[in-house]
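Subject: Structure handover

Hello,

Please find the structure we talked about below.

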Amino acid sequence: MSTSKQPAARPKAQSVAKAGPGAGAKTGAGAEPAYVEPPPSIVVAAKLMYAGAALTALEVIVYTVYVATTHTIAAAAPHATAAQVHATKTTLISANAFAGLIEIGLWIFLARANRAGLAWARKVASVLVAFNTILLVTALAGGAVTRQAFTAVTWLIGAAAVYF
């Protein structure tokens, strides 16, 4: 006598809808959620953050060229040797490149986090804009015009990204 086992009836697939950005409907067991486009304000904010990263990269390049080609360091310290001037330029360029890479990384990281709908990313971006406001005030108090312009435009991009 052969007994065959009948497969158990599968339950009907239920749709589970999640609320929030990036959430989609899940149908059936193990199905991938459907991609939902983030709200337009989040997309604009992310694009502005990518623009901030590009502007920061441009700023690093301009500052590097400026420090490498200018003679103001030698003029400010007329008794410095060529090796000391070179070491000062190398230090300034390295520090600026390091800080620039961190800033570019933060711009890109926060753009991706905002686009993914992570709520904490907006708060972190707001704190960084507040910090950048302090940098803006100090840059406008003194310094090269190009540095002031880059800082002001970077601040505007950050403030716009937080606003949207």
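Two helices, α3 (82-115) and α4 (119-141), each supply at least two residues of a nonpolar patch. Helices here are DSSP runs of H or I with at least four residues, strands are runs of E with at least two, and both are numbered from the N terminus. This is a predicted model, so local features need pLDDT of at least 70 and side-chain atom pairs count only at pLDDT 80 or more, while totals for chains, interfaces and linings use all residues. Residues are numbered from 1 along each chain as its sequence is written, and side-chain values use heavy atoms, with hydrogens and water left out.

The patch is made of F98, I102, L106, F109, L118, W120, V124 and L128, and together they have about 710 Å² of accessible area. That area comes from the Shrake-Rupley method with a 1.4 Å probe; for residues, only the protein chains shown count as cover. A patch takes residues with over 30% relative accessible area and no salt bridge, joining like charges within 9 Å and nonpolar side chains (Val, Leu, Ile, Met, Phe, Trp, Tyr) within 5 Å. A salt bridge is a side-chain nitrogen of Lys or Arg within 4 Å of a carboxyl oxygen of Asp or Glu.

Helix α3 gives the largest share of the patch, four residues. L118 sits in the loop between α3 and α4, and L118 counts as partly exposed because its relative accessibility is 37%. In these notes buried means under 20% relative accessible area, exposed means over 50%, and partly exposed is in between (1.4 Å probe, protein chains only).

**The chain as a whole**

The chain has five helices and two strands, in the order β-β-α-α-α-α-α along the sequence. It has 164 residues, and 24% of them count as buried. Take the contacts (heavy atoms within 4.5 Å) between residues at least 6 apart in sequence: 58% of them join residues at least 24 apart.

**Helix α3**

How far does α3 reach from its first C-alpha to its last? The span is 49 Å for 34 residues, close to the 50 Å expected at 1.5 Å a residue. The expected span is 1.5 Å times one less than the number of residues. Just after α3, G117 takes a positive phi of about 85°.

The buried residues of α3 are V85, K89, N96, G100, I104, W107, L110, A111, A113 and N114. Their cover includes α1 (40-69), α2 (72-76), α4 and α5 (145-163).

One of these residues, K89, is buried because its relative accessibility is 14%. Apart from neighbours within four places in sequence, K89 is in contact with V67, A68, T70 and I73. The side chain of K89 reaches the backbone oxygen of T70 at 2.9 Å, a polar contact (a pair of N or O atoms within 3.5 Å; within protein, one must be able to donate a hydrogen and the other to accept it, and residues adjacent in sequence count only if both atoms are side-chain atoms). The C-alpha atoms of K89 and T70 are 9.6 Å apart, and the two residues are 19 residues apart along the chain.

**Salt bridges**

Side chains of opposite charge can pair when their charged atoms come close. How many salt bridges does the structure hold? There are two.

In one, R115 pairs with E37, with the closest N and O atoms 3.1 Å apart. This pair links distant parts of the chain, since R115 is in helix α3 and E37 is in the loop between β2 (25-27) and α1, 78 residues apart. R115 is partly exposed at 32% relative accessibility, and E37 is partly exposed at 47%.

In another, E59 pairs with R147, the closest N and O atoms being 2.8 Å apart. This pair also links distant parts of the chain: E59 is in helix α1 and R147 in helix α5, 88 residues apart. E59 counts as buried at 11% relative accessibility, whereas R147 is partly exposed at 28%.

**T154 and N132**

T154 lies in helix α5 and is buried, with a relative accessible area of 3%. Its contacts, leaving aside neighbours within four places in sequence, are L55, E59, E103, W107 and N132. N132 is in helix α4 and counts as buried because its relative accessibility is 14%. Not counting residues up to four places away in sequence, N132 touches T154 and W155.

Regards
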